[in-house]
Amino acid sequence: MEFQQVVESRIDKIRSVLATKGNEYGKQGDRYHNFRVAGRLLDTSPERALIGMEVKHRVSVMDLVDTAEEHPQFLNKELISEKIGDAINYLILLEGMLYEHLEERTPL
């Protein structure tokens, strides 16, 4: 697959997944709801809660690299796309949450 195809495909998937997950996970139109609640439960900010949850996705990406090195026969496009997409989407969610603070000029 050419790099430009990878980029275009990823952009399409980001739009699709974040729109779908926003409706699935967002309570009362708040796509950050789960992170806000997790932050309260863990006595931390929603952003730090998101980072904690994102670690799982980072481990999955690291596992992909290990698999590519040790057992490449187990790699497939669907697995790669899912794991990379999850990591990217969490960073996009974090970016959106941080922009909220910038707009409100409130500290975490």
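1. Q5 is found in helix α1, residues 3–25. Helices here are DSSP runs of H or I with at least four residues, numbered from the N terminus. Q5 is partly exposed at 44% relative accessibility. Buried means under 20% relative accessible area, exposed over 50%, and partly exposed in between (1.4 Å probe, protein chains only). Q5 and Q28 are 23 residues apart in sequence and 36 Å apart in space, C-alpha to C-alpha.

2. A note on the basis. This is a predicted model: local features need pLDDT of at least 70, side-chain atom pairs count only at pLDDT 80 or more, and totals for chains, interfaces and linings use all residues. Residues are numbered from 1 along each chain as its sequence is written, and side-chain values use heavy atoms, leaving out hydrogens and water.

3. Which residues make up the largest nonpolar core? I14, L18, Y32, F35, L50, Y90, L93, L94 and M97, nine residues in all. Elements giving two or more residues to this core are α1 and α4 (77–104). Helix α4 provides the largest share, four residues. A nonpolar core is a set of buried Ala, Val, Leu, Ile, Met, Phe, Trp, Tyr and Cys residues joined through side-chain atoms within 4.5 Å.

4. Salt bridges come to four. The criterion is a side-chain nitrogen of Lys or Arg within 4 Å of a carboxyl oxygen of Asp or Glu. R36 meets D30 at 2.8 Å, N to O. R36 also forms a salt bridge with E100, with the closest N and O atoms 3.2 Å apart. R36 lies in helix α2 (residues 33–41) and E100 in helix α4, so this pair ties together parts that are 64 residues apart in sequence. R36 is partly exposed at 26%, and E100 is partly exposed at 25%.

5. E54 and R58 form a salt bridge at 2.6 Å, N to O. They are four residues apart in helix α3, and so separated by about one helical turn. E54 is buried at 5% relative accessible area, whereas R58 is partly exposed at 44%. Elsewhere, shared partners join D30, R36 and E100 into one network of salt bridges.

6. M1, F3 and V6 make a nonpolar surface patch of about 370 Å². Accessible areas come from the Shrake-Rupley method with a 1.4 Å probe; for residues, only the protein chains shown count as cover. Patch residues have over 30% relative accessible area and no salt bridge; nonpolar side chains (Val, Leu, Ile, Met, Phe, Trp, Tyr) are joined within 5 Å, like charges within 9 Å. V6 is in helix α1 and is partly exposed at 36%.
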